[in-house]
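Grab a pencil and work through these exercises with the structure open beside you. Try each task yourself before you read its solution.

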Amino acid sequence: MTGPAIEVVASPAAGAALAAERIVRALRAAVEARGRADWATSGGSTPVGIYQRLSVPPLVDEMPWAGVHVWWGDDRYVPRDHPASNVKAFDDILLAASADEEGTAGTHGGRPIPLENVHPFPMGVAIGEDRGATWAASTLADELRAAPLDRVDGWPVFDLVIVGVGADGHLLSVFPGSAAIESTELALAIPAPTHIEPHLERVTLNPAVLGVARAVIVAAFGADKAPVLASVLGPEKDPRRWPAQLAAREGATWILDEASVARLDR
Ligand code: 6PG
């Protein structure tokens with residue numbers, strides 16, 4: 001068995017550029033093969049630089065936006081316009097109406113991507129109607145089950161899942177020791193972590209989707225990630241302790257920068 005491909009670039013900016021190129025490549029291939037591409041995107045701060053690359057030429061013109069459907073691997077239980085929302089960066093950068101004024105974006109009301117192709121967890125309704133995070137997770141799971149993705153062992157096959165790595169070795173909102181690892185639910189609520197910020201209740205897709213996705217990209221940049229990457233990519237395999245190891249599979253690409261791999265045994 002071989003492991004993931006590891007690509008080390010000089011800086012976070014170079015990492016964002018490479019990740020954005022790979023996203024376009026994977027989603028174009030999916031649209032060419034199947035007429036649509038389903039992309040589960042990440043939360044945290046890492047996607048910001050990637051979305052910026054995707055929002056301007058040349059990539060904004062190369063992405064087959066009309067066929068691209070965006071989902072979230074995880075989110076925080078806050079409204080979509082809250083600073084801690086995992087959807088906000090996407091909205092601000094890729095749904096921003098200013099894209100039209102700049103003359104850089106496509107034809108969907110000034111946005112590169114049609115609104116109906118964007119599928120966040122329904123936090124606005126969940127919070128507004130006091131339905132709770134479990135409802136938000138199961139409602140999104142129903143929407144995903146109704147969407148025309150292929151299935152493997154009952155799990156939806158995303159064309160691309162992109163994830164970051166937390167300082168404790170988490171990915172998605174799957175923290176060390178998380179019940180999500182053995183869960184059979186497609187999406188589930190996660191209690192607010194106390195060991196890592198933000199201390200907010202979450203929802204996450206089941207990490208099993210990583211095992212069946214057509215492509216997985218892990219993006220982690222900066223010296224802060226060096227200690228955890230040394231463990232996650234080190235010799236000891238224990239995904240309950242370091243859930244990010246669930247993305248260290250053959251066919252996955254880990255895009256890392258020099259600072260983040262400083263403690264790796266290379
Ligand atoms: C979240 C995430 C999480 C994130 C990592 C890395 O909602 O917190 O989806 O898994 O990707 O914590 O976060 P950064 O990109 O901010 O380093």
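**Exercise 1.** Work out the handedness with which helix 1 passes helix 2.

*Solution.* Step one: know your elements; helices (H or I, at least four residues) and strands (E, at least two) are DSSP runs, numbered from the N terminus. This is a predicted model, where local features need pLDDT of at least 70 and side-chain atom pairs count only at pLDDT 80 or more, while totals for chains, interfaces and linings use all residues. Residues are numbered from 1 along each chain as its sequence is written, and side-chain values use heavy atoms, with hydrogens and water left out.

A crossing is left-handed if the near helix is turned anticlockwise from the far one by less than a right angle, and right-handed if clockwise. Helix 1 crosses helix 2 in the right-handed way.

Helix 1 (residues 12–34) and helix 2 (residues 47–54) have axes 8 Å apart and pack at about 60°. Axes here are lines fitted to C-alpha atoms, for helices over the stretch in contact, and angles run from 0 to 180 degrees between N-to-C directions. So helix 1 is oblique to helix 2; angles under 35 degrees count as roughly parallel, over 145 as roughly antiparallel, 65 to 115 as roughly perpendicular and the rest as oblique.

**Exercise 2.** Find which residues of helix 1 and helix 2 make the contact.

*Solution.* Contact means heavy atoms within 4.5 Å. On helix 1, pick out A13, A16, A17, A19, A20, I23 and V24. On helix 2, the partners are G49, I50, R53 and L54.

**Exercise 3.** State the order of the open sheet of three strands.

*Solution.* The order is 4-10-9, and the pairing is antiparallel. Strand 4 (74–76) and strand 9 (187–190) each have a single partner strand, so one side of each lacks a neighbour in the sheet.

How values were computed
Two strands pair if DSSP finds at least two bridges between them.
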